[in-house]
Amino acid sequence: MKDIKKYGFLVFTIVLSAIGFLIIIYGVENGADSANEYLSTSMGGSMDTDSFLLIMKGYILSNFIFGGIMLLVGLSFFCMSLYKLLKEMDLGD
């Protein structure tokens with residue numbers, strides 16, 4: 001059970017980092033899609049270009065920030081758990 005907990009957390013950090021990386025990679029596409037959805041649902045399909053570009057930049061920036069936070073947290077916990085795992089292996093020898 002202890003091994004499952006150690007390796008499970010390691011796998012969780014890898015998955016968290018991968019999701020954060022994918023959010024960053026597809027941040028522009030998802031931000032543009034979100035802005036287009038906002039335009040069609042909330043604004044009735046018409047808006048001036050400057051306001052639309054400002055909204056789209058905001059959505060893109062929020063995707064980058066969220067993906068960056070997930071990637072940073074995932075990599076930080078990955079490094080800490082890998083260090084702890086390697087330290088326990090050295091003590092066992």
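Trainee: Ala35 sits in helix α2, residues 27-41. What makes a run of residues a helix here?

Mentor: Helices are DSSP runs of H or I with at least four residues, and strands are runs of E with at least two, numbered from the N terminus. By that rule the protein chain has three helices and zero strands, in the order α-α-α. Keep in mind that this is a predicted model: local features need pLDDT of at least 70, side-chain atom pairs count only at pLDDT 80 or more, and totals for chains, interfaces and linings use all residues. Residues are numbered from 1 along each chain as its sequence is written, and side-chain values use heavy atoms, leaving out hydrogens and water.

Trainee: Why is Ala35 called buried?

Mentor: Buried means under 20% relative accessible area, exposed over 50%, and partly exposed in between (1.4 Å probe, protein chains only). Ala35 comes out at 0%, so it counts as buried.

Trainee: Which residues does Ala35 touch, leaving aside those up to four places away in sequence?

Mentor: Phe52, Ile55, Met56 and Tyr59, where contact means heavy atoms within 4.5 Å.

Trainee: Lys84 and Lys6 both line the largest pocket. What makes something a pocket?

Mentor: On a 1 Å grid over the protein atoms alone, a pocket is an open set of points with protein on both sides within 12 Å along at least five of seven lines; lining residues have an atom within 4 Å of a point. The largest pocket has a volume of about 230 Å³, that is, the space filled by probe spheres set on the points, which are joined across faces, edges and corners. Helices α1 (2-25) and α3 (49-92) each give at least two lining residues.

Trainee: How does the lining divide by residue class?

Mentor: Four nonpolar, one polar and five charged. Asp, Glu, Lys and Arg count as charged; Ala, Val, Leu, Ile, Met, Phe, Trp, Tyr, Cys and Pro as nonpolar; the others, Gly among them, as polar. Lys2, Lys5, Lys6, Lys84 and Glu88 are therefore charged lining residues.

Conventions
1 Å grid on protein atoms, 1.4 Å probe; cavity = no way out; pocket = protein on both sides within 12 Å on 5 of 7 lines; lining within 4 Å.
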